[in-house]
Amino acid sequence: MTFEKHILCIGAGYVGGPTMAMIACRCPRYRVTVVDVNREKIDQWNSDELPIYEPGLDEIVRAVRGKNLFFSTDIPKAIEENDIIFVSVNTPTKNYGVGAGMAADLQFWEKTAREILKYSKSPKIVIEKSTLPVKTALAMERILNSNHHGIAFDVLSNPEFLAEGTAVRDLTSPDRVLIGSEETERGLRARDILVEIYANWVPRERILTSNIWSSELSKLVSNAFLAQRISSINAISALCEKTDADITEVSRAVGTDSRIGPKFLNSSVGFGGSCFKKDILNLVYLCRHYGLNEVADYWEGVLKINDYQQDRFVLTMIDAMFNTLSGKKICVWGFAFKADTGDTRESPAIRITKRLVEENALVIVSDPKALKNARADLCGLEDRVSFVEDPMEAVKGCHALCVLTEWDLYRHQDFEAVYASMAKPSFLFDGRNILDHGKCFRIGFNVYPIGKPPMTHFQ
Ligand SMILES: NC(=O)c1ccc[n+]([C@@H]2O[C@H](COP(=O)([O-])OP(=O)(O)OC[C@H]3O[C@@H](n4cnc5c(N)ncnc54)[C@H](O)[C@@H]3O)[C@@H](O)[C@H]2O)c1
């Protein structure tokens, strides 16, 4: 079969894999290849056990893999054979040198640009899918156009807005697709080619175009706004706990204002994931670079509140459990940074578990999908931390149970049986406010939600 377009994605991670599976699924006339330097990951993409868990992803990959979706480690060949190249490599926070702890580490991204340059024998459209600091496209263009073979490269920005856990739904029906291009004749022509790809399933009015710098910045700003809402409601949850107000009631009252809206107003132990923190750090770094220190301080506050919320959660536990956790068994339900993913990057559960271990507690971690990652995150703490997938088994004999991920299965446990199996007095710390607190209190638990008065049996 001859294909209309040959599309490549470099980087087979949480973004590259699902986005390309969606393009292949919606565009059977295009041949889509995904490459990665990580052989194990590519082998997993080619197997029955995909490297990431996303509801609905297995079915899509199974339907198109080997037909018009291919996973490979042969990067030179793939670059040579494809004329539209998405770059979806990781852009973590830099942990060395200038900008350490703040700026985006662009080493993987730059290496990719140099590989594209090295192996290209014909013109390419190169699309930034990774989240990048503003003006990165300019650097990419400079590297690519430093070639002496007269090959033309057009660089577009097409940031990804999918959320882990709902990636398939988000990709099937995105709120918007954003495409930034140079406003030259060539840039606009390249942009139209990408618009045409998405128009196979995304309504035209949801495909937004902009200049390339607005597109790069919009991704950082979207994540900053989302994280800011979480930190805003979490900041208020601290005030609720001091004043006997109830954060759920406050959220409802605030969120029914149509100008504000109800989403992202659940208080919790805070946000995690690979993106929010790193993208805000990146934004803060950019602001400082341009001398906008007040703006930088404003956004840095979002991260401070997030750490504060997690530390506050641990302090509440210590305070509630008679000022010592030493030798006590604490069960953690949920280690993923959110429900419906196995991803634990920057998960609040990491910081909280480590703090509990510092207090000499024995922690039993349970999660339906994230235990492999949890083991890696807590490597070296095996004498204080154990891992048990079955939540009922994990909680047996524990002094306290804390819920750190909003997995649906935790709502539906038999809490009479949970209580019966635990040491007394039994403590329940609901870091996601997903349980029926009144019912748990009546069963006998001392219940500590977030942003609400605790319910205890003590005088
Ligand atoms: N994870 C999300 O929810 C999400 C959402 C939107 C945007 N993003 C952004 O998308 C980008 C990718 O994120 P991710 O979560 O998919 O990362 P990831 O770590 O899951 O995947 C990145 C992949 O790139 C590969 N890679 C690195 N250098 C390479 C090279 N030179 N050649 C080939 N492969 C290479 C890595 O091996 C890895 O498999 C990041 O910039 C991130 O900020 C992520």
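## Domains and their contact

Two residues are in contact if their C-beta atoms, placed from the backbone, lie within 7 Å. By this criterion, 28 residues of domain 1 are in contact with 27 residues of domain 2. On the side of domain 1 that touches domain 2, α6 (136–144) and β7 (177–181) each supply at least two residues, and β7 gives the most, with 4 residues. The residues of this side comprise 16 nonpolar, 8 polar and 4 charged; here Ala, Val, Leu, Ile, Met, Phe, Trp, Tyr, Cys and Pro count as nonpolar, Asp, Glu, Lys and Arg as charged, and the others, Gly among them, as polar.

The chain is divided into domain 1 (5–202) and domain 2 (211–459), with bounds that come from an automatic or database domain assignment. The centres of the two domains, taken over C-alpha atoms, are separated by 32 Å.

## Basis of the model

This is a predicted model, in which local features need pLDDT of at least 70 and side-chain atom pairs count only at pLDDT 80 or more, while totals for chains, interfaces and linings use all residues. Residues are numbered from 1 along each chain as its sequence is written.

## Overall form

The chain has 18 helices and 14 strands; these are DSSP runs numbered from the N terminus, helices being H or I of at least four residues and strands E of at least two. Along its principal axes the C-alpha trace spans about 80 × 50 × 45 Å.

Among contacts between residues at least 6 apart in sequence, 72% join residues at least 24 apart. Of the 459 residues, 47% count as buried. A residue is buried if 20 or more other C-beta atoms, placed from the backbone, lie within 10 Å of its own, exposed if 12 or fewer, and partly exposed in between.

## Nonpolar cores

A nonpolar core is a set of buried Ala, Val, Leu, Ile, Met, Phe, Trp, Tyr and Cys residues joined through C-beta atoms within 7 Å. The largest has 77 residues, of which Leu8, Ala21, Ala24, Ile85 and Val126 touch the most other members. Helix α9 (residues 212–243) gives the most to this core, with 7 residues. At least three residues of the core come from each of domain 1 and domain 2.

Leaving aside residues up to four places away in sequence, Ala21 touches Leu57, Ile60, Val61, Val64 and Leu69. A second, separate core of 47 residues includes Met317, Phe335, Leu356 and Tyr410.

## Surroundings of the ligand

The ligand is surrounded by 27 residues, the closest being Gly11, Gly13, Tyr14, Val15 and Ser130. A residue counts as near if its C-beta atom, placed from the backbone, lies within 6 Å. Helix α5 (residues 107–119) gives the most to this shell, with 3 residues. By class, the shell has 11 nonpolar, 11 polar and 5 charged residues.

Asp244, in the loop between α9 and α10 (247–255), has a positive phi of about 65 degrees although it is not a glycine. Asp244 counts as exposed because it has 8 C-beta neighbours inside 10 Å. Asp340 also has a positive phi, near 65 degrees, and lies in the loop between β9 (329–333) and α13 (348–358). With 20 C-beta neighbours inside 10 Å, Asp340 counts as buried.

A cis peptide bond joins Lys424 and Pro425, with omega about -5 degrees. Pro425 lies in the loop between α17 (415–421) and β13 (427–430).
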